[in-house]
Amino acid sequence: AAEEEPFALVDAMQKWNVSGMMYVLEKSKDMREEPIAVAAKMGRVYVDMLLIKSAMNASMTSFEISKKLGINAYRVDKYVSSLSRVPMEIIVRALEKLYELDLKLKSTQSDAWTLIECFVSDVYMPKSLR
């Protein structure tokens with residue numbers, strides 16, 4: 001189960017689904033994972049998303065992206081299919097919000113998991129429900 005969790009997180013993030021993200025967070029809590037480590041993993045995924053989306057906007061193929069970024073071709077294909085309908089602004093906003101989350105996690109006494117759940121709700125909720 002511990003080895004499946006990182007893949008579950010990436011999968012949920014790629015689907016841009018709030019309920020999937022909340023489920024993965026519950027599993028992370030159950031496994032007593034550090035909240036800051038979860039935020040760091042999310043940051044890595046968003047950076048990959050940003051790089052791949054930038055390459056997609058530059059009309060690069062999946063193969064070219066994989067070769068240029070040194071990311072496994074299968075992973076790139078999954079990102080490309082999930083990012084095809086996601087505007088760059090959504091990814092940039094997620095990174096900005098993640099930066100704010102990181103500051104809060106490291107500087108406040110608030111419950112870390114609650115902060116992460118608020119972040120997920122803000123980023124993954126449809127705009128009309130925020």
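Me: Which pattern does the protein follow when read along the sequence?
Reply: The model is predicted, so that local features need pLDDT of at least 70 and side-chain atom pairs count only at pLDDT 80 or more, whereas totals for chains, interfaces and linings use all residues. Residues are numbered from 1 along each chain as its sequence is written, and side-chain values use heavy atoms, leaving out hydrogens and water. With 7 helices and 0 strands, where helices (H or I, at least four residues) and strands (E, at least two) are DSSP runs numbered from the N terminus, the protein reads α-α-α-α-α-α-α.

Me: What is the radius of gyration of the protein?
Reply: Taken over C-alpha atoms, this radius can be set against the globule rule, 2.2 Å times the number of residues to the power 0.38. For 130 residues the rule gives 14 Å, and the protein comes close to it, so it is as compact as a globular protein of that length, with a radius of gyration of 15 Å.

Me: Which residues of helix α5 are buried?
Reply: At the start of α5, a side-chain oxygen of N72 reaches to within 2.7 Å of the backbone nitrogen of Y74. Buried means under 20% relative accessible area, exposed over 50% and partly exposed in between, with a 1.4 Å probe and protein chains only. In helix α5, residues 73-83, the buried ones are V76, Y79, V80, S82 and L83.

Me: What distance separates the C-alpha atoms of R93 and V123?
Reply: R93 lies in helix α6, residues 88-107, and is partly exposed, with a relative accessible area of 23%. Although R93 and V123 are 30 residues apart along the chain, their C-alpha atoms are separated by 7.8 Å.

Terms used
A polar contact is a pair of N or O atoms within 3.5 Å; within protein, one must be able to donate a hydrogen and the other to accept it, and residues adjacent in sequence count only if both atoms are side-chain atoms.
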